[in-house]
Amino acid sequence: MALVTVMEKEFYTISVYVDKDENLVGIPCGESDKYGIADIDTVMLLKAPYTAKQVESYIEKVIDACYTKKHNDDVETSTIERYTKKKGFVNATADYMLISIVKMQTGYSIMPTFYDFEKGPLAIDDDERIIPIGYKEGELADIIHDFIEVYLKANMFYKEIKELEEEKEKK
């Protein structure tokens, strides 16, 4: 059984970027005078391979880092842009699948995204999964694993097809 903690905020939101090797790059949120809530300058990495227990412990660690500092409103680039050293959010997220996780008073909302070549990651509302605060061990990790299987691995195939189509057009 997962630990149930008293929450100070209404919700905590984190961005978990997954690369082609299934490494997880977690970015917590914090308060922002400019945006209300935005990613903070904290990046936490969990390298594959990992166990379900390690994934869940890592997710909780990233959530615990929310609101530990304020979003840097003076910097124009996002945390993921600075982490990847790529200019523009669309470019910075091109090699990642994003999973958005929101911890609320009653449970977690876990939402996958699909990468759009013009807009970057787009939330897939239809596949949002909700689990209770006291989820069973392995439950959160299973959802993340499912999203990686469906959206990352399928998306890589999609990228390869798009690249092949672009090459044909050039010829």
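**Salt bridges, rings and a surface patch**

Modeller: A search of the whole structure finds ten salt bridges, a salt bridge being a side-chain nitrogen of Lys or Arg within 4 Å of a carboxyl oxygen of Asp or Glu. The model is predicted, so local features need pLDDT of at least 70 and side-chain atom pairs count only at pLDDT 80 or more, while totals for chains, interfaces and linings use all residues. Residues are numbered from 1 along each chain as its sequence is written, and side-chain values use heavy atoms, with hydrogens and water left out.

Biologist: Which residue forms a salt bridge with Lys9?

Modeller: The pair links distant parts of the chain, 22 residues apart, with Lys9 in the segment before strand S1 (11-18) and its partner in strand S2 (residues 24-32); strands are DSSP runs of E with at least two residues, helices are runs of H or I with at least four, and both are numbered from the N terminus. The closest N and O atoms are 2.7 Å apart, and the partner of Lys9 is Glu31.

Biologist: Is Lys9 buried, partly exposed or exposed?

Modeller: Buried means under 20% relative accessible area, exposed means over 50%, and partly exposed lies in between, with a 1.4 Å probe and protein chains only. Because its relative accessible area is 27%, Lys9 is partly exposed.

Biologist: Over the face of which residue does Lys9 lie?

Modeller: A charge sits over a ring if NZ of Lys or CZ of Arg is within 6 Å of the ring centre and within 35 degrees of the ring normal. Lys9 is placed at 4.8 Å from the ring centre, over the face of Tyr67.

Biologist: Which residues are linked with Asp146 in a network of salt bridges?

Modeller: Asp146 forms a salt bridge with Arg129, and their closest N and O atoms are 3.6 Å apart. This pair links distant parts of the chain, 17 residues apart, since Asp146 is in helix H4 (residues 139-170) and Arg129 is in strand S8 (residues 129-132). The residues linked with Asp146 in the network are Arg129 and Asp127.

Biologist: How far apart are the closest N and O atoms of Lys86 and Asp95?

Modeller: Lys86 counts as partly exposed, at 33% relative accessibility, and Asp95 is partly exposed too, with a relative accessible area of 44%. Lys86 and Asp95 form a salt bridge in which the closest N and O atoms are apart by 2.7 Å.

Biologist: Why is the pair of Tyr108 and Tyr135 called edge-to-face?

Modeller: Rings of Phe, Tyr and Trp (its six-membered ring) pair if their centres lie within 6.5 Å, and planes under 30 degrees apart count as stacked, over 60 as edge-to-face and the rest as tilted; by this rule the count comes to five aromatic pairs. The centres of the Tyr108 and Tyr135 rings are 5.4 Å apart, and the pair is edge-to-face because their planes are at 80°.

Biologist: What is the angle between the planes of Phe147 and Tyr151?

Modeller: Both residues lie in helix H4, four residues apart, about one turn of the helix, and Phe147 and Tyr151 are both buried. Their rings form an edge-to-face aromatic pair, 5.9 Å centre to centre, with an angle between the planes of 65°.

Biologist: Which residues make the nonpolar surface patch of about 220 Å²?

Modeller: Patches are made of residues with over 30% relative accessible area and no salt bridge, where like charges are joined within 9 Å and nonpolar side chains (Val, Leu, Ile, Met, Phe, Trp, Tyr) within 5 Å; accessible areas come from the Shrake-Rupley method with a 1.4 Å probe, and for residues only the protein chains shown count as cover. Leu45, in strand S4 (residues 44-46), counts as partly exposed at 41% relative accessibility. The patch is made by Leu45, Val43 and Tyr83.
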